[in-house]
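This report covers a cavity and a helix contact. The sequence and structure come before the details.

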Amino acid sequence: MSGADDLWRHRDFLKLWAAQAVSSLGARITREGLPFAAVMSLGATPAQVGILAALSRGPGIVIGLAGGGFVDRGRRRPIMIGADVGRALALATIPLAAWTRALSLDQIYGVAALVGALSVLFDIADHAYLPTLIAPAQLVDGNARLATTDAVAEIGGPALYGVLFQFLTAPVAIAVNAGSYLFSAAALATIRAPEPTPAPHGPGGADRAAAIARDFRTGLGAALGDPAVRALLAITTASSLFGAFFSALYIVFALRTLHLTAGMLGATVAVGGVAALAGATLAGRLIRRFGLGWVYAGTGIAGAAGALFIPLAGGSAWTGMAMLMVAQLIGDSLGTVAEIAGRTLRQSLVPPGLMGRVGGVFAVAQGAMGVAGAVAGGWLGQSLGVRQTLLLACAGIVVAAAGALTPPLTRIRTAAAADAA
């Protein structure tokens, strides 16, 4: 299949698309649901929410170190299915504990860490799997369609969660997500396209640690050896650091500083989903018109700047909600375009046999900076102030996004050109 329109007739891609559509909806519920349960049900402080955010991101360090070679030497689809089933089982413990009145902050911490680890493994396998399922010329449109489902999930997930939390409980909302991961696993299991033969398995036992280190060095060498991939890694690392400030403080800021209700917060985030849907729809046309590199740089910088409306929000709850919506409209629309362009760039620039190991390097960078940013954000939010810390985070992500204004990235126009390079 060569044309983008052929994706509508690509049955296996449509199955992958369906799987990710449903799991994305559930993932959005959990992303808001775990900190929401911690804040509203268990009275978590900003520092404790920062720890929760850190535990959600921290497993990326370990999984990135060990998971890259594991993905490159295995079939990617079974890894994705296993990660889905594991996430479903972990999340199912939350409603069970709530039903027996045994839910605690420690359990939410543990579930967040396990789900975070399995999500990182799923993402590494997913990034490596798509280029084996569709042609290079279809990557922009394939990534755009997957991003469309993320956007729809952003519309429905938080809004659904707000309703479920307001009229039922947070654990019930999280139970919905557990079911979504099981559906995703079942849909992935129906894909019939054969995967390329994986690389030979590495050593086990005492040599396993050496093999993991060797795999990571190989991935790091591949990432740093290509100027464009090196720039992508630097931007990802810096963005993860400052973006984690928002993970630690956004819900605390919305609920306690702006006094939004659960329903208002859900509606606010849903507006971002509408914007992300618009971005996913326009991404292909923008990339074909201006080129992958320039679109990645321009939309990344403008989207990051839109986040400034968050710490500037104030006044009544409705005024604050309106300003958060403006931030969602700008950031989610342009951020989605930048995400599609960045993902396509990496999938096109990295050789298929190294995709997992390079993905592991990115996961380690995101995990390490995510932990540092979440802990620092929670601590600064409690000592310096939530609003002031979010202003600092905004400045950081704008500077990070500006790193895309480098010739190795801006000169790349198409996925095919990146693949040829």
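## Terms and basis

Residues fall into classes: Ala, Val, Leu, Ile, Met, Phe, Trp, Tyr, Cys and Pro count as nonpolar, Asp, Glu, Lys and Arg as charged, and the others, Gly among them, as polar.

This is a predicted model, in which local features need pLDDT of at least 70, side-chain atom pairs count only at pLDDT 80 or more, and totals for chains, interfaces and linings use all residues. Residues are numbered from 1 along each chain as its sequence is written, and side-chain values use heavy atoms, leaving out hydrogens and water.

## The second largest cavity

A cavity is a set of points, on a 1 Å grid over the protein atoms alone, where a 1.4 Å probe fits but cannot get out; lining residues have an atom within 4 Å of a point. The whole structure holds three cavities of 30 Å³ or more, a volume being the space filled by probe spheres set on the points.

Helices are DSSP runs (H or I, at least four residues), numbered from the N terminus. α6 (139–167) and α12 (317–349) each supply at least two lining residues, and the largest share, four residues, comes from α6.

## The contact of α5 and α13

Helix α5 (residues 105–133) packs against helix α13 (residues 355–383) at an angle of about 140°, with the axes 9 Å apart. Axes are lines fitted to C-alpha atoms over the stretch in contact, and angles run from 0 to 180 degrees between N-to-C directions.

In the contact (heavy atoms within 4.5 Å), α5 contributes V120, I124, H127, A128 and P131, while α13 contributes M355, G356, G359, G360 and A363. Six of these residues are nonpolar, four are polar and none is charged.

How values were computed
On a 1 Å grid over the protein atoms alone, a cavity is a set of points where a 1.4 Å probe fits but cannot get out, and a pocket is an open set with protein on both sides within 12 Å along at least five of seven lines; lining residues have an atom within 4 Å of a point.
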